[in-house]
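Visitor: I am new to this structure. Could you take me on a close look at the part around the ligand?

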Amino acid sequence: MTAFVDLAARLAAEPADAALKDVVLTIAETCAQISRVVASGALSGSLGAAGSTNVQDEEQKKLDVITNDMLSDALKACGPVAGLASEELEEVEPTGRVGGYLVTFDPLDGSSNIDVNVSVGTIFSVLPAPAGHAPTEGDFLQPGRNQVAAGYAVYGPQTMLVVTLSGGVNGFTLSADGRWLLTHPDLAIKPDTAEFAINMSNQRHWAPAVRRYIDGCLQGKDGARGKNFNMRWVASMVADVHRIMMRGGVFMYPWDAREPDKPGKLRLMYEANPMSLLAERAGGKSIEGLNEILDINPAKLHQRVPVVLGSANEVEVIRAEMRAG
Ligand code: P6P
């Protein structure tokens with residue numbers, strides 16, 4: 001029987017601040033608890049709609065609210081956390097402490113899948129907090145390059161945690177007795193792929209560059225790309241990105257004409273930025289179209305951004321199409 005290193009031991013080897021490790025361990029422990037709540041489904045009466053909408057004007061599921069409260073409570077009790085922000089909360093929530101770290105999170109990404117038992121996940125991002133004063137919304141508006149840690153938990157056939165602090169990207173599997181065990185060290189995204197993830201039902205709404213790229217993929221090995229492409233779309237960013245971490249691929253949620261004043265569906269601060277840090281640290285790339293997502297200077301807490309993320313060479317093919325207009 002293989003002896004696996006656990007999360008605490010793996011973090012101990014990281015040259016990162018001990019307080020930051022405490023924050024990551026707190027999030028990891030809460031995700032382990034969320035995994036149990038998600039797995040109980042109908043048995044705990046936690047499925048279905050909450051009867052409310054969030055700041056995104058999206059219907060909240062009961063589990064959106066439950067998991068948000070679990071993470072919010074855990075972070076408010078975690079000493080190094082000065083403030084938190086959530087997809088489910090309109091405003092940031094200072095903890096009453098100064099210094100340390102800010103945490104943004106999507107407590108249950110892909111929750112529209114929860115009632116049909118398809119993988120969902122939790123996404124988190126950790127930023128440095130300001131010294132000397134309680135954090136305001138403006139203190140959260142830092143570019144993704146400032147993140148000091150990022151990760152996600154995916155609640156699927158296995159529950160896994162994928163996280164980066166100071167160096168590479170490591171994957172942990174939740175054991176039956178509730179421990180995060182290092183099963184996927186030093187994750188690396190393959191630079192080339194023949195698999196794309198996009199919601200094809202939006203095809204008529206895409207910009208010309210995206211339609212050209214997808215059309216090229218669909219021509220198969222006799223077309224310009226010279227290979228047959230496969231398509232996957234789980235409609236759960238965590239599940240689609242996890243697949244790309246495991247076997248390569250490219251994930252796209254581009255701007256489309258349905259809401260021309262919005263740049264895309266996914267949120268920068270607690271979806272695109274953490275996933276982009278993980279992708280780049282694993283040797284992949286993540287762009288909004290022409291430029292790296294991690295270089296965006298946020299203007300609003302819940303701002304949206306187009307996302308093209310995954311295998312580096314395939315992202316460059318898409319960027320070239322975007323440049324062509
Ligand atoms: P669509 C889930 O609601 C989410 O924010 C992401 O997890 C996912 O990639 C996307 O939306 C799915 O969007 O339009 O295909 O339902």
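**Around the ligand**

Guide: Let us begin with Asp 106, whose place is in strand S5, residues 101-109 (strands, E, at least two residues, and helices, H or I, at least four, are DSSP runs numbered from the N terminus). This is a predicted model, in which local features need pLDDT of at least 70, side-chain atom pairs count only at pLDDT 80 or more, and totals for chains, interfaces and linings use all residues. Residues are numbered from 1 along each chain as its sequence is written, and side-chain values use heavy atoms, with hydrogens and water left out.

One "binding site" annotation, from an unreviewed entry, covers Glu 87, Asp 106 and Leu 108. They are spread over 22 residues of sequence, yet cluster in space, with a largest C-alpha distance of 9.1 Å.

The other "binding site" feature that UniProt gives (unreviewed entry) is at Asp 106, Asp 109 and Glu 271. Here the spread is 166 residues of sequence, but the largest C-alpha distance is 8.5 Å. The lining of the largest pocket takes in Asp 106, Asp 109 and Glu 271. A pocket is an open set of points, on a 1 Å grid over the protein atoms alone, where a 1.4 Å probe fits, with protein on both sides within 12 Å along at least five of seven lines; lining residues have an atom within 4 Å of a point.

The ligand sits in the largest pocket, meaning that more than half of its atoms lie within 2 Å of the pocket's grid points. Of the 13 residues around the ligand, those that come nearest are Asp 109, Asn 199, Trp 233, Met 237 and Tyr 253 (a residue counts as near if one of its heavy atoms lies within 4 Å).

Now for the atoms themselves. An N or O atom in the side chain of Asp 109 is 2.8 Å from an oxygen atom of the ligand. For Asn 199, a side-chain N or O atom is likewise 2.8 Å from a ligand oxygen atom. Met 237 uses its backbone instead, with an N or O atom 2.7 Å from an oxygen atom of the ligand.

Methods. Polar contact = N/O pair within 3.5 Å; in protein donor to acceptor, adjacent residues only side chain to side chain. UniProt positions renumbered as here; feature names shortened; annotations may be inferred.
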